[in-house]
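Q: I am new to this structure and would like to go through it step by step. Could we begin with a few rings and then move on?

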Amino acid sequence: MRALRQGELDALCGIYALINAMEIAGVTGPRSNLHRSLFAKLTRGLPYDRLQSAMHHGLDAEDLMSTGTRAFRWLRRSHGTKLSLSQPMRANENEDLSTFIDTVRAWTEQPDLAVIVNLHLPGLSHWTVVRRIRSQVMEVRDSSGLKTLELDRFSLTKGRFRFSANETLLVRSSVATDRTRRSR
C-alpha cells in the first residue's frame, strides 16, 4: 500500500487553490513562511464549524471569498502584496460551455490574473487553478496532482464531469511589488 498524500484525507483544495493562484497572478518566489502564514490566515478566517465541515466536505465559493478577502488584506498590510478576489460569474446561470471556456481562456491570457474553477469529477468536487487553455485541453496548477483536463468531457449542467461556472473565482494582482514578477 502506498503512503497517503496530503489532501487525500481532507477537502481543503479551495484553500490550496487560493495559494496556488498567487504565482499565476504574478506573485512569484520560493515556498516560504509567507505561504505557511497565508495558509494559517485562510484556515483561521473560517468559522470553526465551517473549517470542521471543510475538512471533510470542502468549501464553497462564498467561504473562499470570505476567508480569501480577509487573508489578502493581511497579505497587503504585512507583505505589501496586493491581491484581490472576485466571483464574476455569480449570476450567470445561462452560460454555455463554449462561452465559459472562451471567457476563462481570455482571463488566463492576462498576466496579473489567475482563474480558479470548481469542477465535479466522479465522486468529488474540486477546486483548481487554470494555467492556460490550448485547443480542447485545460492545463491546471493543482494541489492533487491533476495536470490537464480534456474539455470535451465536461459540461456545465449535467454529467459526471462538469464545471460550476457560477463559482469561478478570479485572483488579481493589483500592483507589482519587489516580490512580484509579471512574467509566467
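Q: Are phenylalanine 154 and phenylalanine 163 buried or exposed?

A: Both phenylalanine 154 and phenylalanine 163 are buried, where buried means under 20% relative accessible area, exposed over 50% and partly exposed in between, with a 1.4 Å probe and protein chains only. Please note that this is a predicted model, in which local features need pLDDT of at least 70 and side-chain atom pairs count only at pLDDT 80 or more, while totals for chains, interfaces and linings use all residues. Residues are numbered from 1 along each chain as its sequence is written, and side-chain values use heavy atoms, with hydrogens and water left out.

Q: How many aromatic pairs are there in the whole structure?

A: A search of the whole structure finds four aromatic pairs. Rings of Phe, Tyr and Trp (its six-membered ring) pair if their centres lie within 6.5 Å; planes under 30 degrees apart count as stacked, over 60 as edge-to-face and the rest as tilted. Phenylalanine 154 and phenylalanine 161 form an edge-to-face pair, 5.8 Å centre to centre with 75 degrees between the planes.

Q: Why is the pair of phenylalanine 154 and phenylalanine 163 called stacked?

A: The pair is stacked because the ring centres of phenylalanine 154 and phenylalanine 163 are 4.6 Å apart and the planes are at 25 degrees. Ring pairs link Phe100, Phe154, Phe161 and Phe163 into a cluster.

Q: Which strand does phenylalanine 163 pair with leucine 119 from?

A: Phenylalanine 163 in β6 is the bridge partner of leucine 119. β2 and strand β6 (residues 162–163) pair in the antiparallel sense over two bridges. Strands (E, at least two residues) and helices (H or I, at least four) are DSSP runs, numbered from the N terminus, and two strands pair if DSSP finds at least two bridges between them.

Q: Why is β2 described as largely enclosed?

A: Nine of the nine residues of β2 are buried, so β2 is largely enclosed by the rest of the structure. Both of its faces are covered, with residues including Leu113 and Val115 on one side and Ala114 and Ile116 on the other.

Q: How many bridges join β2 to β3?

A: Seven bridges join these antiparallel strands, and isoleucine 116 has valine 129 as its bridge partner in β3. The two strands form a hairpin with two residues between them, and glycine 123 in the turn has a positive phi of about 85 degrees.

Q: What about β3 and β4; how many bridges join them?

A: Five bridges join β3 to β4, and the two run antiparallel. Arginine 132 stands opposite glutamate 139 in β4. In β5, the bridge partner of glutamate 139 is threonine 148.

Q: Changing topic, what is the volume of the largest pocket?

A: The volume is about 580 Å³. On a 1 Å grid over the protein atoms alone, a pocket is an open set of points where a 1.4 Å probe fits, with protein on both sides within 12 Å along at least five of seven lines; lining residues have an atom within 4 Å of a point. A volume is the space filled by probe spheres set on the points, which are joined across faces, edges and corners.

Q: Which residues lie nearest its centre?

A: Of the 28 lining residues, Gly7, Asp10, Cys13, Leu124 and His126 lie nearest the centre of the largest pocket. β3 gives the most to this lining, with four residues.
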